[in-house]
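Please keep the sequence and the structure in view while reading.

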Amino acid sequence: MLLKLQGGKSLAHTTGHLLLILLLTEVRKTLGNAHFLCLDLTVIKQSRPGQPWCQVQASMDTKPLLHYDSDSNKVRPLGFLGEEVNDTKAWMELNQTLGEAGRELRSCLSSNWTKRRCPPSLQVRLCCQREAEQCSGASLLFSINGRTALLLDTMSITWTVINPGATVIKEAWENNQELAEYFRKISMGDCSYWLREFLEHWENMVLPEPTEPLIMAPDISQSASIQLVTCIILLIITQLVLIASSS
């Protein structure tokens, strides 16, 4: 006898669907071609002498890309990718855009709290995703004094309260259409544009040829990936059969 859950579905049926979701997620991870650009911005309301009030650290597909600070108002390349793209038009525009973003966030930091309650810092993780040559995701994750507070999905302009203490701030920002449009522009517009431009250079990069012939080892990672996908497909088929037989 099959154990029935609320709604009349069997435990096997429900478990099967959950397993399928996990399996399909793994296939997407293995075969997906999405790329990500993430910028971590930290804004301080009142900085000490010699301490930048705004700093930005960025990465592309988890690879270090750049660092920016308000004192120098300059973007410094990080890693191999940063060195490759630091003379592009998109890179030249970063100084101004990141400076504007820092000032906008600093304004948010001071305009929604009284001087007594104003938190010393605001951290924002801005991420965008490109897939199939278009923006397929964009969001901003806000932390106040290091504590995660709000999430904004700029694809749909949907706010999610993570820390109940940030409800008042969420309501204030949610009712500010100009602010929401700015967040949408910098994530779906600027961020996606930078990612697209940097990807073109990254994909067209020509690595220096070795001075001596190399003995190529078998591509173990590719073979392992093919085996993993094959196993996942077989598991999906097996689970579908089990679900069908239990219905």
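This is a predicted model: local features need pLDDT of at least 70, side-chain atom pairs count only at pLDDT 80 or more; totals for chains, interfaces and linings use all residues.

How much space lies in the largest cavity? The largest cavity holds about 90 Å³ of space.

**The chain as a whole**

- The chain contains seven helices and eight strands.
- It has 247 residues, and 38% of them count as buried.
- Among contacts in the chain with a separation of 6 or more, 50% are between residues 24 or more positions apart.
- The accessible surface of the chain is about 15500 Å², and carbon and sulfur atoms account for 56% of that surface.

**The cavity**

- Rolling a probe the size of a water molecule over the atoms shows where empty space is left.
- When the whole structure is searched, one cavity of 30 Å³ or more is found.
- The lining of the largest cavity consists of 13 residues, and those nearest its centre are Leu41, Ala101, Leu105, Leu126 and Ile186.
- At least two lining residues come from each of β1 (35-44), α4 (94-111), β5 (121-131) and α6 (177-203).
- Helix α6 makes the greatest contribution to this lining, with five residues.
- What classes of residue form the lining of the largest cavity? The lining has 13 nonpolar residues, with no polar and no charged residues.

**The nonpolar core**

- In soluble globular proteins, nonpolar side chains tend to be buried together.
- In this model, the largest nonpolar core has 47 residues, and the most contacts inside it are made by Leu37, Leu39, Leu98, Phe142, Phe183 and Phe198.
- Helix α6 gives the most to this core, supplying nine residues.
- Which residues does leucine 98 touch, leaving aside those up to four places away in sequence? Leucine 98 touches Leu39, Val56, Leu66, Tyr68, Val75 and Trp194.

**Two buried residues**

- Threonine 88 is located in the loop between α2 (79-85) and α3 (89-92).
- Is threonine 88 buried or exposed? Threonine 88 counts as buried because its relative accessibility is 8%, and the cut-off for buried is under 20%.
- Not counting residues up to four places away in sequence, threonine 88 touches Phe198 and His201. Phe198 is also one of the core residues with the most contacts.
- Serine 143 belongs to strand β6. Its relative accessible area is 11%, so serine 143 is buried.
- Beyond residues up to four places away in sequence, serine 143 touches Ser121, Leu122, Gln123, Thr148 and Ala149.

**Two residues with positive phi**

- Most residues other than glycine have a negative phi, and most peptide bonds are trans.
- Threonine 62 is not a glycine, yet its phi has a positive value near 70°. Threonine 62 is found in the loop between β2 (54-60) and β3 (63-69).
- Threonine 62 is exposed because its relative accessible area is 76%, and the cut-off for exposed is over 50%.
- Asparagine 145 also is not a glycine, and its phi is positive at about 55°. Asparagine 145 lies in the loop between β6 (134-144) and β7 (147-153).
- With a relative accessibility of 41%, asparagine 145 counts as partly exposed, a term for values in between the buried and exposed cut-offs.

Note on methods
Residues are numbered from 1 along each chain as its sequence is written. Side-chain values use heavy atoms; hydrogens and water are left out. On a 1 Å grid over the protein atoms alone, a cavity is a set of points where a 1.4 Å probe fits but cannot get out, and a pocket is an open set with protein on both sides within 12 Å along at least five of seven lines; lining residues have an atom within 4 Å of a point. Grid points are joined across faces, edges and corners, and a volume is the space filled by probe spheres set on the points. Helices (H or I, at least four residues) and strands (E, at least two) are DSSP runs, numbered from the N terminus. Ala, Val, Leu, Ile, Met, Phe, Trp, Tyr, Cys and Pro count as nonpolar, Asp, Glu, Lys and Arg as charged, and the others, Gly among them, as polar. A nonpolar core is a set of buried Ala, Val, Leu, Ile, Met, Phe, Trp, Tyr and Cys residues joined through side-chain atoms within 4.5 Å. Buried means under 20% relative accessible area, exposed over 50%, partly exposed in between (1.4 Å probe, protein chains only). Contact means heavy atoms within 4.5 Å. Accessible areas come from the Shrake-Rupley method with a 1.4 Å probe; for residues, only the protein chains shown count as cover.
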